[in-house]
Amino acid sequence: MKKISIFVGLIMALLVLIYFLNNTTANNAYGISSSKLHAETREQLKDPNYQNIIKPADLESKIASGDGVFVYFYSSACPHCKRTTPVLNPIAEEVGVELEQFNLLEFDGGWLKYNIEGTPTLVYYKGGKEVDRLADGIREEGATAGNTEEDFRNFLTKHKGE
């Protein structure tokens, strides 16, 4: 009987530990347990291309400050975003701009709030309002739709000094 009590106690302790680990705030850019994130987002948590995530309240504050801010609206489930992000990030670094990344899969209220019709979309805000946007991802080889690396570079350069 004593062995059964010890065994049940150990099982209960393990269940409590598992519950605690799954429901604590994780040490990630989203500030929530990774178990509560979509699978596609969890896959990107350690990807160096997705390390400048901005949360909704932080984005609101940045825009409201009036300072210029570049925001890359993307979805971690979007194939166009997965092709565009590794091209866009080095361009932003080369140009010398900070590119905030807003994941619409996790923060889906951003679709309406920021009038996003598709991903990826790059938007520049200044003075508390939208100034310019560049919609669509990197152009695939042989396609006519989409943006070129030069389109992204020109967009970032145009607003860098504002």
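**A buried charge and its surroundings**

Tutor: Glu-100 counts as buried, because its relative accessibility is 4% (buried is under 20% relative accessible area, exposed over 50%, partly exposed in between, with a 1.4 Å probe and protein chains only). This is a predicted model, in which local features need pLDDT of at least 70, side-chain atom pairs count only at pLDDT 80 or more, and totals for chains, interfaces and linings use all residues. Residues are numbered from 1 along each chain as its sequence is written, and side-chain values use heavy atoms, with hydrogens and water left out.

Student: Where is the place of Glu-100?

Tutor: Glu-100 is in strand 2, residues 99–103 (strands are DSSP runs of E, at least two residues, and helices are runs of H or I, at least four, numbered from the N terminus).

Student: Which residue forms a salt bridge with Glu-100?

Tutor: Lys-62 does, with the closest N and O atoms 2.4 Å apart (a salt bridge is a side-chain nitrogen of Lys or Arg within 4 Å of a carboxyl oxygen of Asp or Glu). The pair links distant parts of the chain, as Glu-100 is in strand 2 and Lys-62 in helix 3, 38 residues apart. Lys-62 counts as partly exposed, at 31% relative accessibility. Lys-62, Glu-98 and Glu-100 are linked in a network of salt bridges.

Student: OK, and how many salt bridges does the count come to?

Tutor: Eight, by this rule. One of them joins the side chains of Lys-113 and Glu-60, at 3.3 Å from N to O. Lys-113 lies in helix 5 (residues 110–113) and Glu-60 in helix 3, so this pair ties together parts 53 residues apart in sequence.

Student: Is Lys-113 buried or exposed?

Tutor: Lys-113 is exposed, with a relative accessible area of 52%. Glu-60 counts as partly exposed, at 34%.

Student: New topic. Which residues touch the most other members of the largest nonpolar core?

Tutor: Leu-59, Phe-73, Phe-102, Tyr-114, Leu-122, Tyr-125 and Leu-156, out of 35 residues in that core (a nonpolar core is a set of buried Ala, Val, Leu, Ile, Met, Phe, Trp, Tyr and Cys residues joined through side-chain atoms within 4.5 Å). Strand 1 gives the most to this core, with six residues.

Student: Last one. At what angle do the axes of helix 4 and helix 6 cross?

Tutor: Roughly 40 degrees, and the axes come within 10 Å (axes are lines fitted to C-alpha atoms, for helices over the stretch in contact, with angles from 0 to 180 degrees between N-to-C directions).
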